[in-house]
Amino acid sequence: MATPGEDVEAKKASVTSKLQAREDERHNVIKKRTEEKLSNSSEKENVDFFLEGIQREKRVIEEFVSTCESLEKSTLPHKFEEISVSLGELQKYVTESALFLPAAVLRRAQIEINNLKNDLLNKKEAVLPKKKFAFKSKKKFSEKIRSDPTPKIEESKTDEPAIGLTECHFADRENETLIKQAEETNKEDILLTKLTDCTVKLYGAPSAVHVDFLKNCKVFSGPVSSAIFINDCSNCTFVFGCQQLRIHESHDCHFYIHVTSRAIIEECSEVAFAPYNWDYPEIDDHYELSGLNRSRNNWNLIDDFNWLSTDVHSPNWTLIDETERVVTWPS
């Protein structure tokens, strides 16, 4: 039996232990809050720096658009080319910043760039209009054909969708097989938008690929040197390699990927992943051109921005079982 003195010492030890535990918990809470504050501060600083850069470039481009009509006309083609290059660099900056940007900021930046592209394109068409071919009469046209069996006709592209300066694109198509060769895609930004029941094949090494509003499609691409952005797609299969992959608001899609960072999903459900396995004769050359590290593939490391638990797997994505994967694709 413990003596009264021993009971007192035991109670003291118990009280001391509880006080120490509370103090340790308080310190841990303070430490966690401090780390969160620093993290949030760092993230805010990164976002602020990014937005400042966007606004700075935006002002330069907007100033050119508003004043270009007062410039010497002979200098305009070169000036438009310079501004187009600047806009391309701005797009690359947004692409490379995608990993640390919140989704809302990324969307805002992309909208800004798309608006600038459209403004620049419209202004270019206004001050440097292309000559359009027009038929004055059927009779004169038939006479022209007889006198010149191979007439050169400059076609107006008024039926093309207004997609800024992104010349390499497919838009508003259904039930088609759409192909672009390497000479069209190498080092280019590609846009795929509003496609339904289509198969798309992009040979080569694009700089970036933007995909919006696809349904029931299959998309194949050679290695992409920077990022692929996918938004609002459903019941699609994507087969491509890239440095960064960001998927937003997409559902019931399969991804066969080679990605050298970690893929990010947001507001997604029922998306599944497997390793990239598209092959075609020139793919080795395109990998070399893209600069992607073929030995590094994080195809199975997915960050779900809507699932914060670290010890429970996100229900929004899964890996495709080996027995259910497509082994080979048409080249």
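1. Gly-291 comes directly after helix H6 and has a positive phi, near 80 degrees. Helices are DSSP runs of H or I with at least four residues, strands are runs of E with at least two, and both are numbered from the N terminus. The model is predicted, so local features need pLDDT of at least 70 and side-chain atom pairs count only at pLDDT 80 or more, whereas totals for chains, interfaces and linings use all residues. Residue numbers start from 1 along each chain as its sequence is written, and side-chain values use heavy atoms, with hydrogens and water left out.

2. Within H6 (residues 283–290), the buried residues include Ile-283, His-286, Tyr-287 and Ser-290 (buried: under 20% relative accessible area; exposed: over 50%; partly exposed: in between; 1.4 Å probe, protein chains only). Seen down the axis, the buried residues of H6 fall within an arc of 105 degrees, so they line one face of the helix; the arc is that of the directions from the helix axis to the C-beta atoms. Asp-285 and Glu-288 are exposed on the other side of H6. The cover over the buried residues includes helix H5 (182–185) and E10.

3. Strand E10 (residues 251–259) contains Asp-252. Phi of this residue is positive, near 55 degrees, and its relative accessible area of 39% makes Asp-252 partly exposed.

4. Asn-235 also has a positive phi, near 50 degrees. Asn-235 lies in the loop between strands E7 (227–231) and E8 (237–242) and is partly exposed at 41% relative accessibility. Most residues other than glycine have a negative phi.

5. Lys-58, in helix H1 (residues 4–67), counts as buried because its relative accessibility is 18%. Leaving aside neighbours within four places in sequence, Lys-58 is in contact (heavy atoms within 4.5 Å) with Glu-112 and Leu-116.
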